[in-house]
Every structure is written in structure tokens, then in C-alpha cells.
Amino acid sequence: MIERERYAPGPANVARVQKDRGQDGKEKWTLVLVKELRHSPEKVWQALTNPAQLREWAPFDADGNLGTVGAKVKLTTVGAPAPRVTETIVTRADPAKALEYKWGNFDMRWQLEAFGDGTRLTLWTNIGHRFISMGAAGWHICFDVLDRLLAGQPMGRIVGPDALKFGDWPRLSAEYAKQFGVEVPNWPPDATKR
Amino acid sequence: MKIKLSSVYVNDQEKALRFYTEVLGFAKKTDFSQGPYRWLTVTSPEEPNGTELQLALNNNSAAKTYQQAIFQQNQPAAMFLTDDIKGDYERIKARGAEFTMPPTDVTASTIAMVKDTCGNLIQLTQLARW
């Protein structure tokens, strides 16, 4: 696992915020993450839907395959201080193109586009203002881990407490917070003072 | 070992945060989320480093059943101590909270019971002084 020990997330350049007006007139924020992967959409699709592959990089465990519309799947948040299991029904599954389901209250909308020999992967997910920079940093790291997995060099998923252990975590979430114009989260407590 | 934290189950964490801070007057202490999980605590401004109260989502059937059963039996899910129960009662009532029991003398204390809007009764207690 020497690769994992050497891993450091790069600059905060994977996520942006899309701001829309909801029907109630309130501003609605969506976190948009884009990652260019040097692997085919078919291969990326497997990593997004197959529970054994999700286990290698995603922040949740799935108890079934997410690749079919109507599939009912339980998602367990990994590393949370108490068990958090949410059930979802897959609402869209166009293999190697598009995938939609919910993680708790979050909409999860994935798009896969052929991009040269690889795939441009986009995730749209609605996450509250307060936690959006942490969400961006978390997914940023997950996508790096996904990239290694697809390259045949899995380094094991880095989520929850493992993600916070990286010295770079406060830097990454603070960079995103600055870009999004939100307060830098004080998590882990006093991280910004270290 | 120390007792630094206690928990109540709530059926809506955002609503709970509003009630426990804006209505009861506590202050938010820790708030972080990991995916759909959210760790949320409040603490008394009189004791910022004192015991924290975790507002835990009742997201499993055992928690829901427990919460509803004790509510139906008029049992408080948590109890807070005050030195001025009459003043607190007026202040909290003025902010729109619904009391199921006004300050009432019982053995060794005066108690009142208020709904927390998230599925619980909360008891306020002022110990009698002799």
C-alpha cells in the first residue's frame, strides 16, 4: 500500500458550484464535479454500479448493483459515527452514459461522455451550503482513488476518518470553500490553526 | 471517564437546531456531515465547554418506536436544570413553544414540560432549595 501512503490530493480543480433558483424562489446550490479519466465509459460504468468496485472507492457501500432502472439498493455511509443506511431506487440507468439515484436526500446524477480514448465523468449532487466544501474535498479524493482503481493500481478507498487524516484535507476543503465563497469549515476542529 | 455528551433523538435535525438554539437558547457546538449522516450538538451558553447535547436523527425504526412510546407516556426525552424556571417558562413561551405543563411544584423541585417540535417532551427542572 505504498501508493496510498504517498498519495496527496492535487489543487482544488475538480468541483464547482451551480446556483439556480428553486420554485420557492430560494437559491439552490448544486455541487458539480468533473473528472477526466483515461478509461472507457464502459469501464467507468462498472466502477459506478458494481458493488465490489464501489467498495474500492465510493463513500458508501451498496448492497446491490446500481446499473438497472428500478433497482432498490441500500447505501451505507462508510465511516460515519453511527450506522446510516438509506434506501434508493435507481431512476435512470443508460449504460456507459447516465445514472441517477439518491443518496439520502442528495440527488446523484452521473454523466459519462466519451472523451478521446477516455471518459469525462460528471456528478451533479445537491448538498447544503454549510457542507459543500467538505463534499467537494471528499469527492475530489474519491475520484483520485477511482482513477487509480481503473488504472489497475487500487490504493483502497479514502473516506470518512481516512480522508480527514490527510494533512492536505484542511488545505483542500479550504481551497474549495474560498472558490465557492463559503465559510471555511472548522472541521476537524481547529484544523485551520494547525 | 467523564460524562460530556448526552443525546436525544429528533425527527428533523434542521428543525431541532432551530428549536434548541432560537427557542430554548442553547448554542450550536459541533456540526459536520458525511454524506447523509450529520453529527450535530448544542451546548448551554452558560457552560460552553460543558456537556453537549447531541441532536441525533431517529433514522431507524427502534429509535422511532422508542421516541414515540415515551412521548405518548408523557415522559421527557431530556431534562435541563435551571435556576429560574418561571423566567425560562415565560421566555420560551413567548418564542412560541408549546408547554404541556406549566411550572408545577413537585417533591424537591419545580418542573415544566415543553414540546421540542421534533417528537419529544423536554422537562425543565428547578431544584428546591432548603
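In strand β4 of chain B, B:Gln54 is the bridge partner of B:Thr41. The model is a predicted one. Strand β3(B) and strand β4(B), the latter covering residues 52-57, pair in the antiparallel sense, and 2 bridges connect them. On strand β3(B) there is also a pairing with β2(B): these two strands run antiparallel and are joined by 7 bridges.

**The hairpin and the sheet of chain B**

B:Ser33 stands opposite B:Arg38 of β3(B), and B:Gln34 stands opposite B:Tyr37 of β3(B). The hairpin formed by β2(B) and β3(B) has 2 residues between its strands, and B:Gly35 there takes a positive phi near 60 degrees.

These strands belong to an open sheet of 4 strands in chain B, with the order β1-β4-β3-β2 and mixed pairing. Its edge strands are β1(B), residues 5-10, and β2(B), each of which pairs on one side only. On average, and with direction ignored, neighbouring strands of the sheet are turned by 25 degrees against each other.

How much of β3(B) is buried? Of its 7 residues, 6 are buried, so the strand is largely enclosed by the rest of the structure. A residue counts as buried here when 20 or more other C-beta atoms lie within 10 Å of its own.

**The contact between the chains**

Chain A gives 15 residues to the contact and chain B gives 8. On the side of chain B that touches chain A, β2 (27-34) and β3 (37-43) each supply at least two residues. The largest share of that side comes from β2(B), with 3 residues. By class, the side of chain B that touches chain A has 4 nonpolar residues, 4 polar residues and no charged residues.

**Helix packing in chain A**

Helix α4(A) spans residues 132-150 and packs against helix α6(A), residues 169-180. Helix α4(A) also has a crossing with α2(A). The table gives the geometry of both pairs.

| Helix pair | Angle between axes | Axis separation |
|---|---|---|
| α4(A) and α6(A) | about 125 degrees | 8 Å apart |
| α2(A) and α4(A) | roughly 120 degrees | within 11 Å |

The angle of about 125 degrees between the axes of α4(A) and α6(A) makes α4(A) oblique to α6(A). In this crossing, α4(A) passes α6(A) in the right-handed sense. From α4(A), the residues in contact are A:Ile132, A:Ser133, A:Met134, A:Ala136, A:Ala137 and A:His140, and they meet A:Trp169, A:Leu172, A:Ser173, A:Tyr176, A:Ala177 and A:Phe180 of α6(A). Sorted by class, the residues of this contact are 9 nonpolar, 3 polar and no charged. An α-helix has 3.6 residues a turn, so residues three or four places apart point the same way.

For the other pair, the axes of α2(A) and α4(A) cross at roughly 120 degrees, which makes α2(A) oblique to α4(A). This crossing is right-handed. Which residues make the contact of α2(A) with α4(A)? On α2(A) they are A:Lys43, A:Val44 and A:Ala47, and on α4(A) they are A:Leu146, A:Leu149 and A:Leu150. The contact of α2(A) with α4(A) has 5 nonpolar residues, no polar residues and 1 charged residue.

Helix α2(A) covers residues 41-49, and A:Pro41, A:Val44, A:Trp45, A:Ala47, A:Leu48 and A:Thr49 are its buried residues. These buried residues pack against α4 of chain A and also against β2 (27-37), α3 (51-54), β7 (98-103), β8 (106-115) and β9 (118-125) of chain A.

Most residues other than glycine have a negative phi. In B:Asn74, phi is positive, near 60 degrees. B:Asn74 is found in the loop between α2 (61-72) and β5 (78-81) of chain B. Is B:Asn74 buried or exposed? B:Asn74 counts as exposed because it has 10 C-beta neighbours inside 10 Å.

B:Ala108 also has a positive phi, near 70 degrees, and is not a glycine. The loop that holds B:Ala108 lies between β6 (99-106) and β7 (109-115) of chain B. With 10 C-beta neighbours inside 10 Å, B:Ala108 counts as exposed.

Technical notes:
Residues are numbered from 1 along each chain as its sequence is written. Chains are lettered from A and ligands numbered from 1 in the order in which they are written. This is a predicted model: local features need pLDDT of at least 70, side-chain atom pairs count only at pLDDT 80 or more; totals for chains, interfaces and linings use all residues. Axes are lines fitted to C-alpha atoms, for helices over the stretch in contact, and angles run from 0 to 180 degrees between N-to-C directions. Angles under 35 degrees count as roughly parallel, over 145 as roughly antiparallel, 65 to 115 as roughly perpendicular and the rest as oblique. A crossing is left-handed if the near helix is turned anticlockwise from the far one by less than a right angle, and right-handed if clockwise. Two residues are in contact if their C-beta atoms, placed from the backbone, lie within 7 Å. Ala, Val, Leu, Ile, Met, Phe, Trp, Tyr, Cys and Pro count as nonpolar, Asp, Glu, Lys and Arg as charged, and the others, Gly among them, as polar. A residue is buried if 20 or more other C-beta atoms lie within 10 Å of its own, exposed if 12 or fewer, and partly exposed in between; C-beta atoms are placed from the backbone. Two strands pair if DSSP finds at least two bridges between them.
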